[in-house]
Structure formats: C-alpha cells, structure tokens
Amino acid sequence: MRYLPLTPDDRTAMLAVIGVDTVDALFVDVPDAARLAGPVDLPHHASEMAVERDLVRMAARNRAAGAGPFFCGAGAYRHHVPASVDHLIQRSEFLTSYTPYQPEIAQGTLQVLFEFQSQVSALTGLPVANASMYDGSTACAEAVLMATRVTRRRKAVLSGGLHPHYAETVHTLAHNAGVEVNALPAAVDAEAAVLAAIDAETACVVVQTPNVFGTVTDVTAIAAAAHAAGALLIVTTTEAVSFGLLKSPGEMGADIAVAEGQSIGNSLNFGGPYVGLFACTEKLMRQAPGRLCGETVDAEGRRGFVLTLSTREQHIRRDKATSNICTNSGLCALAFSIHMSLLGGAGLERLARINHARARRTRDALAAVPGVEILTPRFFNEFAVRLPRPAADVVEALLTRDVVAGVPFSRLAPAAGLDDVLLVCATETTTDGDIAAFASALTAELAR
Amino acid sequence: MSMVNVGRPTRPEQSLDLGPSPGAGRGLQQYEPLIFELGGWGKTGVDFEGVEGDLDAVDLDGLTRGAQPALPGLSEPETLRHYVRLSQKNHAIDLALYPLGSCTMKHNPRLDEKLARLPGFADVHPLQPQSTVQGALALMETLSHWLETLTGLPAVALSPKAGAHGELCGLLAIRGAHDARGEARRTVLVPTSAHGTNPASAAQVGYQVREIAQTADGRVDLADLAAQLGPDVAAVMVTNPNTCGLFERDVVEIARLTHAAGAYFYCDGANFNAIVGRVRPADLGVDAMHINLHKTFSTPHGGGGPGAGPVVLSAALAPYAPTPWLIREGDTLRLEEGAVGPAAATQGRVSAFHGQMGMYVRALAYMMSHGADGLRQVAEDAVLNANYVKARLSAAMSPAFPEGPCMHEALFDDTWLDGTGITTLDFAKAMIDEGFHPMTMYFPLVVHGAMLIEPTETESRLELDRFCDTLLGLAAAARAGEVERFRGAPFHAPLRRLDETLAARKPKLRWTPTAR
C-alpha cells in the first residue's frame with residue numbers, strides 16, 4: 001500500500017523491540033466482542049489509477065459552472081482565481097503544516113495570518129479581524145452569540161434581507177444557548193422594517209448588504225438606532241468583492257462585520273470549504289471568537305508573530321470560552337490573502353466595478369424580456385427578478401437551453417411565498433454572449 | 001545511540017540575524033517584509049479583460065466607499081517570492097516527522113488534491129439545480145456509506161465543518177432527542193482529560209459541564225461516573241482512545257451506565273485513527289461520534305484548516321440530524337433542505353450549504369486508496385509506531401502510563417526531567433534545533449508537564465529511529481547539565497523564542513502605516 005512505509009520485516013523487528021509477539025497484543029484493551037476479526041465490508045485497496053477513474057466518473061456527472069452561461073450567486077460566487085494562488089497554497093509548507101502553535105517554526109503561516117487580518121480589517125473598515133471562521137454563516141452565528149455576551153441581552157433581530165440559510169444557521173447555533181431569534185420576513189427592501197423591531201431587550205441587529213435580493217443599503221441609520229437602544233449592529237456580506245466598491249461596514253457604524261470570503265481566492269466547491277471573515281471594534285476584541293495573530297518580538301528583538309489572547313479560547317478556557325471553534329479555514333484564508341495581495345485595493349476596486357457593470361448589463365437585457373420584472377433597484381452584482389411562473393420551473397426549463405439561470409428564491413426559503421422570484425448574479429466571468437444567451441432563452445421560454 | 005548533529009554545532013550560539021532590515025538574508029533563509037512594506041500601493045498584479053462601457057458609471061446612489069481599500073497590490077513575481085519565502089519559515093509533514101499528539105499529522109496524498117480540483121467538483125455551485133449535481137450527491141452518498149460501515153452507526157450528518165462543529169451538531173441531536181421526550185436534561189459529563197472543545201461545545205448548546213475523575217491508570221473512573229449520572233445528565237462525552245493515548249477498556253460499561261441513566265454516549269472521534277477498520281464505535285455502545293476527516297482520513301491541515309467533522313448517529317439520534325438531508329429516490333439523489341418529510345425533526349441547518357465538499361473528495365479518495373484492508377493496516381501501523389516510540393524513549397524518559405500498550409500516541413510526563421532545571425517547554429524547543437516539530441505539550445492537563453507523541457502510520461522505521469535517536473540524545477544532554485542549550489532553544493529556527501506576554505499585553509493585530 002503506497003502510503004504505508006513499514007515492511008513486514010519492519011513490523012516484526014519493531015514488535016520485538018516492544019516485547020510482544022503480534023500486533024493484536026497492542027489492542028489488548030479493546031473488549032474481545034468489539035474486535036473485528038477481519039476487514040469490514042467495503043472494497044479493498046485500490047491503485048491511484050483506479051481511484052482516479054472512479055472519481056473522474058463521478059465528477060463528470062456534474063455540470064461545472066464554467067461549462068456555459070451561469071448566473072447563480074446567493075452566497076457563493078464564481079470568480080476567476082489567478083493560477084498562482086492555487087500553486088502557492090499547495091506548497092507543502094503551507095498545505096501540510098498544523099495550526100501555528102510553535103511560532104519559531106511557523107512564521108510563514110503566522111505572517112500570512114497577520115497580513116490576512118490586516119486585509120480583512122481594511123476591507124471591513126473595522127480595526128480587529130480574526131484569523132478566519134468556517135464560513136460566512138457560522139461567522140454570523142458567532143457574531144450573534146458574541147453580541148449577547150457583550151450586552152448581556154438575549155434577543156437578536158435578523159433582517160429579512162439576511163440570506164435565509166444564514167438566518168437558519170444563526171437560529172440553530174444560538175437558540176439552544178438561550179438566544180431569542182427574531183427573523184423578520186423576507187423582502188427586497190427588508191431593512192426598512194428593522195428599526196421597528198429594535199427594543200430595550202435587543203442584543204444585536206443583523207443586516208446584510210448587499211442583501212440576499214441584491215439590495216445595497218446604507219445601514220448608518222440602523223446603526224444609530226441600535227446603538228441608541230444599547231444594541232450592537234452586525235453587518236453581514238456574502239459577496240466579498242463588493243468591499244472594493246461599497247461603503248464598508250465600519251464606515252456605516254457596524255460593531256461587528258462578518259462576511260463570506262469565498263469570492264476571493266476560493267472555488268465554488270459545491271459549498272465548501274469556504275472562509276468566514278470576522279471583524280469588530282477594538283472595544284469588543286477580548287470577546288471575539290477564534291484565533292488572533294499578533295505582532296511581537298523574539299529573544300533577539302526581531303519582529304515576529306504569534307497566536308495571542310488565547311485565554312478566550314477553548315483549549316484554555318474550556319466551557320467558559322468565547323467559542324468552541326478550533327480548526328478554522330487556514331488554507332482558504334491563505335488563498336484569500338494571496339489573491340488579495342495580487343489584486344491590491346486598486347485591483348479589487350476595478351474588479352468590483354467590472355462585476356457591477358456586468359450585472360447592470362444583465363439587468364438591462366432581462367428587463368427587455370416580456371414578462372420579467374426587475375425587483376432590485378440598487379444592487380452590486382446580483383439582483384432579483386419576478387417571473388410570470390414559478391422560478392424553479394423556469395430554471396429547470398432553461399437548463400434544456402444550456403443556461404443556468406440563477407437561484408430560485410424558493411430554494412432558499414420554500415415557505416416565503418416568493419416562488420416567482422429568481423436571484424440572478426453576474427461576475428467578471430460573465431460574457432456578453434452569456435447575457436445574450438440568457439435573455440434569448442428566457443424570451444423563448446416565457447413565450448411558450 | 002548518538003545525537004543526530006551532523007553539520008550543526010551542538011553548543012548554543014548567537015543565531016543568524018535575519019532582520020529587521022529588508023534585504024537581509026542568509027543562505028536559503030530570506031528576510032521577508034510584510035506585503036505592506038513591498039511598495040505595491042496603487043498597483044495591481046491582475047490584468048482584467050476589457051469591458052465596454054464606462055466603469056465609473058456606477059448606479060449606487062452615493063453608497064460607494066469613501067476611499068479605495070488601503071491595500072497594496074503585487075505583481076505575480078513579487079507575489080510568488082513573498083509567499084515562497086514565507087513558506088520556508090514553516091515546518092511541514094513533508095519535511096519531517098510532525099509528532100503532535102491528538103492531531104494526527106500524517107502524509108497527505110497528492111492524488112486527493114488533484115481530484116478535489118476536477119472542475120466537476122471544484123467548479124460546482126451549491127445552489128445550482130440538483131439534476132446537474134448528481135455526481136456530487138453520489139460522492140456524498142458513497143462517503144456516507146464508508147463512514148457508516150466503518151463506525152457501525154446507521155446515519156451520518158456530513159455538514160459540520162470541523163471537529164468542534166461536529167461536537168456541537170451531535171450534542172444538538174442529543175438535545176433534540178431529550179426535548180422530544182419532554183426531558184429537560186441540562187448536564188454533560190466530560191473527563192478531566194478531554195479536549196477543550198468538548199466542554200466548550202456543551203456550553204454552546206446550553207449545557208452545564210461537570211468533570212469526571214480519572215483513575216491512576218489514565219481511564220474514566222467508573223465509580224465517579226456512576227455517582228454523577230442522574231436524571232439531569234443528557235450525555236457523557238468521552239474520547240476513545242482517550243487523550244492519554246489509552247483505550248478506555250471499560251468503554252462498554254461506560255455506555256451501559258450512561259444508557260441506564262437515560263443519557264446518550266457521545267464519543268469524540270479525534271483519535272479514530274487508532275482503531276479505524278479494527279473496531280466499530282457502534283459495537284462499544286456509542287450513540288454519536290464526530291470524525292475529523294483532516295485527521296483519520298488525511299485531508300491536509302493547511303496551517304489550521306479547513307477541516308471537516310461529519311458526525312455519525314444512532315437510529316435514535318438520526319431524526320435530529322441537521323439539514324440538508326441526502327435522500328435517494330430510485331436512481332435520483334436529492335437534498336431535502338427544509339424541516340419537512342423525513343427531516344421534520346431536524347435540528348436545522350448548521351451552516352449555509354452542504355458542508356466541506358472539497359474535503360469529502362479528498363477523504364473518499366484516501367479511503368478508496370486504502371480500502372477496508374488498508375484502513376485496518378493504518379490502525380495497526382499507527383499503534384505499532386506509537387508503541388515502538390514509547391518502548392525506545394522509555395529508556396530515558398518517563399512514560400505517564402508505563403503499564404500495558406498505548407494506542408496511537410505515547411504520553412510522557414516530566415518526572416524524568418526532575419533536577420535538570422529543564423522544563424517540558426525547553427525540551428520541546430530544543431527538538432526544533434534538531435529538525436523536528438515538538439510534540440503536543442502540557443496536554444492532557446491531567447499529566448504533569450505532558451509530552452504527547454503521535455507518530456502516525458506514515459512514518460518509516462528509519463524516520464522513527466532518527467526521531468528516537470535524537471530525543472534520546474537530547475535527554476542525555478539534559479541529564480549532562482547542558483541547560484543553556486535547552487533554555488535558549490531554538491537557536492537554529494528562523495526566529496528565537498517569541499515574547500508571547502508582550503503580544504498579549506499590547507495586542508497589535510494588524511499592520512498600520514505608523515506601526516514601524
């Protein structure tokens with residue numbers, strides 16, 4: 001077996017050093033009844049060629065997003081990732097290293113984390129960023145839990161513009177911890193209803209911009225209202241490229257910003273692994289979840305980096321920790337950071353402008369299709385449209401015309417009563433040909 | 001046995017000064033500034049396709065940011081150099097044995113990397129029509145079958161994104177089952193030797209945590225467990241093999257007592273590597289167990305993640321698994337994403353999408369490569385290697401539990417350092433100068449000055465001997481009074497010991513223009 005270096009002779013010699021006759025003697029503490037006599041009922045070992053053949057066959061049964069016109073967003077985005085990113089993250093020293101608990105021989109990973117935190121801080125406009133969370137949705141749930149600790153209150157108000165899957169994740173992860181989750185109804189302009197839901201018991205308000213319908217909102221007034229009530233504002237972003245163009249959460253008064261970082265450096269991967277971004281104000285630093293990397297000096301006074309403030313964390317504080325998170329998204333954070341280093345602020349802004357322009361062009365093309373109503377007045381790179389038929393049916397029908405038309409809102413929230421709403425996203429990968437194909441396929445389908 | 005010290009002085013000496021002035025370097029070690037110090041302001045290293053129309057014409061009603069994000073952009077060659085230079089400051093499995101106990105730092109097959117990057121897996125959107133992702137769903141179904149067969153448990157929730165997330169998910173299922181019976185149980189029992197994530201996860205689900213005592217031979221104290229079990233206990237969480245590297249030989253009795261008290265038996269599967277293919281947790285009475293795919297099934301640790309923490313569940317707990325559920329209907333697979341039909345009692349969603357697909361591909365490729373026979377061999381070789389290291393190092397170091405075999409990791413305490421003036425930390429840092437990553441230190445908390453060594457099955461006998469020879473040489477030096485060599489170590493790493501107190505007292509968590 002190609003991954004196991006020991007030979008039968010090695011094993012015999014090593015058993016002799018240990019002083020036992022058989023390897024079974026090393027399993028003596030396992031109850032007899034639980035010791036399997038032979039291999040379980042699964043296939044035996046296979047060659048590299050055979051495994052590759054089987055998995056290539058499975059992969060071939062999926063339609064890659066790049067195979068044709070493709071307009072899905074809603075929390076995961078198809079962007080071009082420079083080839084050097086994927087090359088660099090496969091460096092053995094990054095790929096096959098552990099969490100940098102021994103800083104003298106992990107300065108590579110630690111400096112990357114320090115740079116990553118600095119980048120996330122600059123993008124979100126908040127001074128403290130952590131070393132990553134699993135994804136945007138779990139980062140959002142952690143932010144809610146953190147807000148309840150900070151305010152010692154129990155109620156969380158979730159805007160109806162928050163991605164429904166994020167709202168569900170927050171509910172699952174927070175309500176057993178005693179948090180009362182008030183998820184407001186989904187609407188294109190849901191932020192307008194948030195103010196009325198804030199009261200003196202509110203620990204935090206969670207808003208998303210651009211929201212799940214694509215709407216871009218200035219949440220400054222919500223921040224003021226939340227703060228006036230003694231609550232924190234959590235701003236969620238699922239499309240990190242939007243940071244290149246839109247007002248940052250910090251500029252609008254957010255106390256905590258969380259985001260899905262997949263768009264920068266990471267593939268779609270059918271939903272994971274992704275990378276959660278988490279940033280907050282200086283004041284909240286010691287209540288933050290997850291790892292933090294900080295600058296220090298070594299015994300000779302040279303600059304270096306270490307994981308710090310770890311008395312917040314589970315391996316020290318156990319049941320009093322700020323979170324149970326241990327493993328995070330290190331390698332995805334590295335990919336994010338490399339791609340961000342290539343882009344720079346200037347490149348990210350240009351990329352964001354291209355995304356916005358592509359989406360406006362898509363909007364214009366769809367607006368001309370009879371029967372289509374554009375619902376989102378002001379958006380970044382995705383928007384909602386109303387169709388004369390259930391959106392899920394239209395998406396299925398357009399598949400036969402080789403167009404993946406977007407995400408039916410009913411897929412995210414079947415009970416919201418918005419079955420005719422389709423979420424459409426365009427990025428820099430969307431060509432004029434893709435847009436024309438979409439508009440013409442939709443025109444033909446709706447004319448049927 | 002002699003010290004491996006070819007080409008290196010064994011005396012402490014002033015290490016190479018690699019900075020802080022940019023440009024300094026010695027041999028293959030380059031000083032590398034922060035990206036913010038490389039002069040990329042206003043630049044970008046990405047060329048964009050020409051786009052017709054005016055990019056300045058944004059349609060955002062004054063909602064654009066006040067200023068461009070203050071981040072430098074580097075050309076591709078500058079970027080490559082930056083990250084390659086940084087990479088050379090890291091230890092890695094591909095460089096040498098990485099004996100972190102409880103972390104299972106084993107070889108990461110590159111076939112798995114190649115397959116995870118196939119466009120049919122990597123370039124697939126989580127919300128595209130399910131008819132277009134039947135291969136991805138089939139992969140999830142196959143992975144589920146392997147995990148269920150290896151553990152003997154009938155259901156698995158794939159979506160948790162790491163071990164701690166899996167713990168949370170398993171405990172939520174347990175809470176769901178108790179709630180459904182109208183039982184308001186609010187306590188979880190956890191051994192003192194447990195991973196910190198166990199009590200942290202229990203607290204996050206709203207449970208009070210109480211500790212179970214440990215016996216002198218490093219196992220759960222059955223009498224204490226029995227005394228603490230009662231109508232308020234929801235679950236008992238035990239790691240098996242435990243964090244002392246020992247198999248809980250009374251595990252069946254632990255399960256029996258737990259069940260008799262109406263509680264569920266949660267197993268932390270972090271150490272599944274020791275028994276995979278040889279023991280099915282279901283046969284031990286386990287009701288729920290998360291599996292760290294990044295440990296037992298070798299998806300790369302990546303400097304801290306991503307991981308994946310699927311949790312296998314008994315029939316009683318399965319109804320409370322998180323959404324989405326994978327459902328087979330004839331030849332078709334579909335994801336049930338709502339709390340309806342078979343998933344009516346679900347705990348709900350634990351993350352936005354369906355989990356760590358990229359990790360599933362790698363883990364399944366790893367499993368298929370080994371097969372049922374190979375995975376059994378994995379457990380045997382992992383246990384054999386650990387016992388070999390324990391046997392060899394016991395000549396100079398003090399095993400915490402000398403009686404009987406260990407499982408996949410060997411635990412030593414620091415009594416053998418008594419009188420040397422050298423601590424576990426000093427000894428571990430001296431290992432760095434010899435080219436090895438330190439073992440896990442000061443964990444588990446129940447053993448004084450703990451040194452927990454997990455070699456894994458992917459080390460050759462030659463590398464194990466090199467490692468043991470090195471540690472025995474260091475032990476001899478410690479006994480011979482070469483104190484400075486330890487207290488000042490490491491001397492040959494890119495940096496000397498870091499001032500962690502300073503980092504915590506004056507936290508500097510990001511670069512700022514005035515920082516230097």
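Two residues are in contact if their C-beta atoms, placed from the backbone, lie within 7 Å. This briefing applies that rule and a few others to a predicted model, in which local features need pLDDT of at least 70, side-chain atom pairs count only at pLDDT 80 or more, and totals for chains, interfaces and linings use all residues. Residues are numbered from 1 along each chain as its sequence is written, while chains are lettered from A and ligands numbered from 1 in the order in which they are written. Helices (H or I, at least four residues) and strands (E, at least two) are DSSP runs, numbered from the N terminus.

**Two helices of chain A**

- A:Val394, A:Ala397 and A:Leu398 in H12(A) meet A:Ala441, A:Leu442 and A:Glu445 in H14(A).
- The residues of this contact between H12(A) and H14(A) divide into five nonpolar, no polar and one charged. Here Ala, Val, Leu, Ile, Met, Phe, Trp, Tyr, Cys and Pro count as nonpolar, Asp, Glu, Lys and Arg as charged, and the others, Gly among them, as polar.
- Two packed helices are described by the angle between their axes and the distance between the axes.
- For helix H12 (residues 391-399) and helix H14 (residues 432-447) of chain A, the angle is about 115 degrees and the axes are 10 Å apart. Axes are lines fitted to C-alpha atoms, for helices over the stretch in contact, and angles run from 0 to 180 degrees between N-to-C directions.
- The crossing of H12(A) and H14(A) is right-handed. A crossing is left-handed if the near helix is turned anticlockwise from the far one by less than a right angle, and right-handed if clockwise.

**The seven-stranded sheet of chain A**

- Seven strands of chain A form an open sheet with mixed pairing, in the order E1-E7-E6-E5-E4-E2-E3. Two strands pair if DSSP finds at least two bridges between them.
- E1 and strand E3 (180-183) of chain A each have a single partner strand, so one side of each is left without a neighbour in the sheet.
- Strand E2 (residues 155-158) and strand E4 (residues 202-208) of chain A are parallel and share four bridges. Within this pair, A:Val157 stands opposite A:Val205.
- Helix H9 (residues 220-228) of chain A packs on the sheet and touches E4 and strand E5 (232-237) of chain A; the direction of this helix makes about 150 degrees with that of E5(A).
- Strand E7 (residues 276-280) of chain A has five of its five residues buried. A residue is buried if 20 or more other C-beta atoms lie within 10 Å of its own, exposed if 12 or fewer, and partly exposed in between; C-beta atoms are placed from the backbone.
- A:Gly276, A:Phe278 and A:Cys280 point one way from E7(A), and A:Leu277 and A:Ala279 point the other way.
- E7(A) pairs antiparallel with strand E1 (residues 128-129) of chain A over two bridges, where A:Val128 is partnered with A:Cys280.
- E7(A) also pairs antiparallel with strand E6 (residues 256-260) of chain A, over five bridges; A:Glu260 has A:Gly276 as its bridge partner.

**Strands of chain B**

- Strand E10 (residues 325-329) and strand E11 (residues 332-336) of chain B run antiparallel and are joined by five bridges.
- E10(B) and E11(B) make a hairpin with two residues between them, and B:Gly330 in the turn has a positive phi of about 65 degrees.
- Three other elements, E12-E14-E13 of chain B in that order, form an open antiparallel sheet. Its edge strands are E12 (410-412) and E13 (440-441) of chain B.

**Core and chain contact**

- The largest nonpolar core has 322 residues, and A:Val144, A:Val205, A:Ile234 and B:Leu313 touch the most other members. A nonpolar core is a set of buried Ala, Val, Leu, Ile, Met, Phe, Trp, Tyr and Cys residues joined through C-beta atoms within 7 Å.
- Beyond four places in sequence, the contacts of A:Val205 include A:Val157, A:Ile222 and A:Ile234.
- Between the chains, 178 residues of chain B are in contact with 174 residues of chain A. Helix H9 of chain B gives the largest share of the chain B side, 22 residues.
- The chain B side divides into 88 nonpolar, 58 polar and 32 charged residues.

**An exposed residue**

- B:Pro513 lies in the segment after H13 of chain B. B:Pro513 counts as exposed because it has 7 C-beta neighbours inside 10 Å.
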